[in-house]
Structure formats: C-alpha cells, structure tokens
Amino acid sequence: MSTHDKTAATYGTEDLLISLCNSVTRVLSVATQTQLHYSGMVQRISKTCLRPDIGCFVLFDGGFSGLVIINLSKEAAMEIYQTYLLSMGMSEGDLATSYTSDEVANVMGELMNQVVGDFTGKVRRELQTHITQNQPKMLVLNKQVMLSVDANLDQPESRRVTFYTAKNHIFYLELAIDRTEFVKLYDFEPQEAPDPDALLAQAGKDGADAPAPAAGSNTDSDTDDLLKSLGM
C-alpha cells in the first residue's frame, strides 16, 4: 500500500453537514449579533419535509446534488428577524409584529441565501469543486401540513440537526444529498474565507439599491405557484 493510501483524507456526509451547520451559526450569529448553537447529535431521517411555522428550502447541484431545508418555529423566526433588523439600525416600531408578514419571510429568505452562499463558498475553497444553488423559497405554513420536496437524488442520505437561538427558541436544519465521499489526492491550502461583515454590508447595499416591488404584487399568488410546483 502506498503512503498516499495510508494518509488520504476523506470528506463525507457528516463533514458536509458540519460545514453547513457552521455556516448557519456563523452567518446568523453575525447577522443578529447574538450567539446561536446546534446540537451535538444528528438524526438520520428517511425524507426531508417543510413544516410549520416557516419553512425554507434550497436546491443545489454541480459537484454533488442536494437539498437544504430550514424549518423555524414562529418564535425562532421572529427572534432572528427582529434581532437582525435591530442590529442593522431599524427601530422596533418599524418591525413586523407577526411571523406571517411578508417582510419576515423576505428577511428569512435573504438570510437563508447568505447561509447557503457561505456554504457553497466553503465547498469551492475546501473541496475544490463547484455547486450552484437556486433562489431560496420561503413558505409560511400556518396549518399543520407537511410538504415533501423531491430533490431527484439517486442515493439520498438525509440528516436533521436541531438549532437553538440565543433565547433558546428551536429551529431545524435538514440536509439531503447524494451519497458521496471526497478523497484528498494531495495537500493544498484552502483559499482565504471572505469577511462575513463585508458580505452582510454588501447584502444590505444590494437590498437598498433594489427596485421597489411593482404595485399590486401579491405574495399569496407566489405562494400558490410554489405549492403548485410542489404538487399541492
């Protein structure tokens, strides 16, 4: 057996999951200026689902395919939403008061996009492969329903991890990916990670420069379209 065979580093599903979990805590902790953490135990699950109160999913493809879902309780969603915007300088009186508000869904979708963007960046730097993501889809579920999202994976492996906000409100991350393993062929230095404060500042600038939504736009119709795309 060669020296390479003895020392080759491997990177599997749990490693990808840890990297994703670290992206969640890193981005949300910076965004809210609070400390979030996740459980040291992970669940093996048979399928991923969107659940109440707020569910968000992102599909990615490229070097490997997968699906990321975050299911938030209304308490967790409101805490993250409020602390994020307050840390950005907004006054409490300007904040939405209900988790069903369009603004809450939009902000949580923006944060989800930053989380997955941080994760795909780490995949590019550390695994030297490339994955692309779709725009996060945020869905307010005020009824006790479960939607199964088909990611068209050949050999899916699914995991669920419990997260806790600074006020100990709970939300869940679910990951489904094709069974895969990365083997390090030779030593290399990963590229330097970008500054999360700079990323958040840029995201805020992009949001400020974005055009206002057209008059008469209806989030309900967007939700209906999403439900139809999921076969509901």
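**Overview**

The model is predicted. The chain holds 6 helices and 11 strands. It has 232 residues, and 42% of them are buried. Take the contacts between residues at least 6 apart in sequence: 72% of these join residues at least 24 apart.

**How the helices pack**

Two packed helices are described by the angle between their axes and the distance between the axes. Two pairs can be described in this way here.

| α2 and α4 | within 9 Å | roughly 135° | 9 nonpolar, 4 polar, 3 charged |

Start with helix α2 (residues 13–32) and helix α4 (residues 102–126). Their axes cross at roughly 135°. That angle makes α2 oblique to α4. The crossing is right-handed. On the α2 side, the contact includes Leu-16, Leu-20, Val-24, Val-27 and Ala-31. On the α4 side, Leu-111, Val-115 and Phe-119 are among the partners. Arg-26 of α2 also takes part, as do Asp-118 and Lys-122 of α4.

From α3, the contact residues are Ala-77, Met-78, Ile-80, Tyr-81, Tyr-84 and Leu-85. They meet α4 residues that include Val-104, Val-107, Met-108 and Leu-111.

Leu-16 lies in α2. Is Leu-16 buried or exposed? Its relative accessibility is 1%, so Leu-16 counts as buried. Beyond its close sequence neighbours, Leu-16 touches Tyr-11, Phe-64, Phe-119, Leu-127, Ile-177 and Thr-180. One of these partners deserves a second look. Ile-177 is 161 residues from Leu-16 in sequence, yet their C-alpha atoms are 9.4 Å apart in space.

The Ser-29 side chain reaches the backbone oxygen of Thr-34 at 3.4 Å. Ser-29 is also in contact with Gln-35 and Leu-36, among others.

Thr-120 belongs to α4. With a relative accessible area of 11%, Thr-120 is buried as well. Leaving out residues up to four places away in sequence, Thr-120 touches Ile-131 and Gln-133.

Most residues other than glycine have a negative phi, and most peptide bonds are trans. Which residues have a positive phi without being glycine? Gln-33 is one, with phi of about 55°. Gln-33 is in the loop between α2 and β2 (37–45). At 58% relative accessibility, Gln-33 counts as exposed. Asn-168 is another, with phi near 65°. Its place is the loop between β9 (156–164) and β10 (170–178). At 53% relative accessibility, Asn-168 is exposed too.

Where is the cis peptide bond? It joins Pro-52 and Asp-53, with omega about 15°. Asp-53 is found in the loop between β3 (49–50) and β4 (54–62).

Notes: Residues are numbered from 1 along each chain as its sequence is written. This is a predicted model: local features need pLDDT of at least 70, side-chain atom pairs count only at pLDDT 80 or more; totals for chains, interfaces and linings use all residues. Side-chain values use heavy atoms; hydrogens and water are left out. Helices (H or I, at least four residues) and strands (E, at least two) are DSSP runs, numbered from the N terminus. A polar contact is a pair of N or O atoms within 3.5 Å; within protein, one must be able to donate a hydrogen and the other to accept it, and residues adjacent in sequence count only if both atoms are side-chain atoms. Contact means heavy atoms within 4.5 Å. Axes are lines fitted to C-alpha atoms, for helices over the stretch in contact, and angles run from 0 to 180 degrees between N-to-C directions. Angles under 35 degrees count as roughly parallel, over 145 as roughly antiparallel, 65 to 115 as roughly perpendicular and the rest as oblique. A crossing is left-handed if the near helix is turned anticlockwise from the far one by less than a right angle, and right-handed if clockwise. Ala, Val, Leu, Ile, Met, Phe, Trp, Tyr, Cys and Pro count as nonpolar, Asp, Glu, Lys and Arg as charged, and the others, Gly among them, as polar. Buried means under 20% relative accessible area, exposed over 50%, partly exposed in between (1.4 Å probe, protein chains only).
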